[in-house]
Amino acid sequence: MALENQKGFVLHQRPELRSPLLVVALEGWPDAAGVSTGSLSYLRSRLQARRFAEVLPDDFYVFTYIRPVVTTQDGVVKRLRFPRNEFFWWRNEKSLHDLILFRGVEPHLQWHRYVGLIMEMAREFDVSALYAIGGVYDMVPHTWEPMVSAVMNDESLKARLQPHRVKFTSYEGPSSIHTSLLAACRDRGLPALSLWGHAPIYVRAEANPKVCLGLLRRMVGLLELDVDLTEVEEAAEYLDDTLSRFLEKNEELRLYVKQLEEACGAEGAERPSPPRGMGKIIRDVEDFLRQEREKGQGSQS
């Protein structure tokens, strides 16, 4: 069925695309530390990708759980924003593959239908591969290069990933919609993989720039993009410096980070359990990062 006739789908324009690659980023459970949506938003901004289609939210969300956001001004409603699921396109003059970027919100309802609309988009525009990007909290130290792991729907895709320093992990447990996407792509013979940036469990930044940087470096290589990452590199360096100052004041977290470094440096070593007071440490880190950010904003004004 043509996209124009799909209920809940709006096609604003039909760009002419050459065997595009489709990148999917979703808010919610698969977006720990804002790694998924933060990375895709940076790509969209730098590439100046243009919106051309959207999935309407009505059938996929419980609005008492994820409420629409209202903006009022002097008692007057100016804007009401529902969860957005939008497609953007960009022509890659340095590659045989153009790009489709999809930023949405992991749905509460009708996963099969939601995935089906993305699959219809892939069919309609002859997408050659799908990349789902996500973020996950893990027992990793912020002092090391961020770990990026991968899951794929075909063993042959490992050869494509091996030059990009990703880990192939084993897992059994609750699934994000990434897995449903990969399974649907497999059923249609479409290569698909899911890349995950691993964020330290004790740094709950809104969008962890260091982990975003690790993910973006892999994506730039895989998608054959010429994208300046300087802005993310500077933000990652600032986060590192800020966390170093916090560690000077918090011996408990400093010792835990050292244990994580030792475990990550030893093949097969078991990761240390978080300190008993980890909840308080997380709040203290959040408070410190917020205070440092406010200081920086104050010095610029």
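Modeller: Residues are numbered from 1 along each chain as its sequence is written, and side-chain values use heavy atoms, without hydrogens and water. Because the model is predicted, local features need pLDDT of at least 70 and side-chain atom pairs count only at pLDDT 80 or more, while totals for chains, interfaces and linings use all residues.

Colleague: Why is the pair of Tyr 202 and Tyr 256 called edge-to-face?

Modeller: Rings of Phe, Tyr and Trp (its six-membered ring) pair if their centres lie within 6.5 Å; planes under 30 degrees apart count as stacked, over 60 as edge-to-face and the rest as tilted. The centres of Tyr 202 and Tyr 256 are 6.5 Å apart and their planes stand at 75 degrees, so the pair is edge-to-face. Tyr 202 lies in the loop between β11 and α5, and Tyr 256 in helix α7 (residues 251–265), 54 residues apart.

Colleague: What makes Tyr 202 buried?

Modeller: Buried means under 20% relative accessible area, exposed over 50%, and partly exposed in between (1.4 Å probe, protein chains only). Tyr 202 has a relative accessible area of 1%, so this residue is buried. Tyr 256 also counts as buried, at 1% relative accessibility.

Colleague: Why is the pair of Phe 246 and Phe 288 called tilted?

Modeller: The centres of Phe 246 and Phe 288 are 5.4 Å apart, and 55 degrees separate the planes, which makes the pair tilted. Phe 246 lies in helix α6 and Phe 288 in helix α8 (residues 278–300), so the pair ties together parts that are 42 residues apart in sequence. Phe 246 counts as buried at 7% relative accessibility, and Phe 288 counts as buried at 10%.

Colleague: What makes β1 and β10 edge strands?

Modeller: Two strands pair if DSSP finds at least two bridges between them; strands are DSSP runs (E, at least two residues) and helices are runs of H or I (at least four), numbered from the N terminus. The open sheet of nine strands has the order β1-β3-β6-β7-β2-β8-β11-β9-β10, with mixed pairing. β1 (9–11) and β10 (167–168) each have a single partner strand, so one side of each is left without a neighbour in the sheet.
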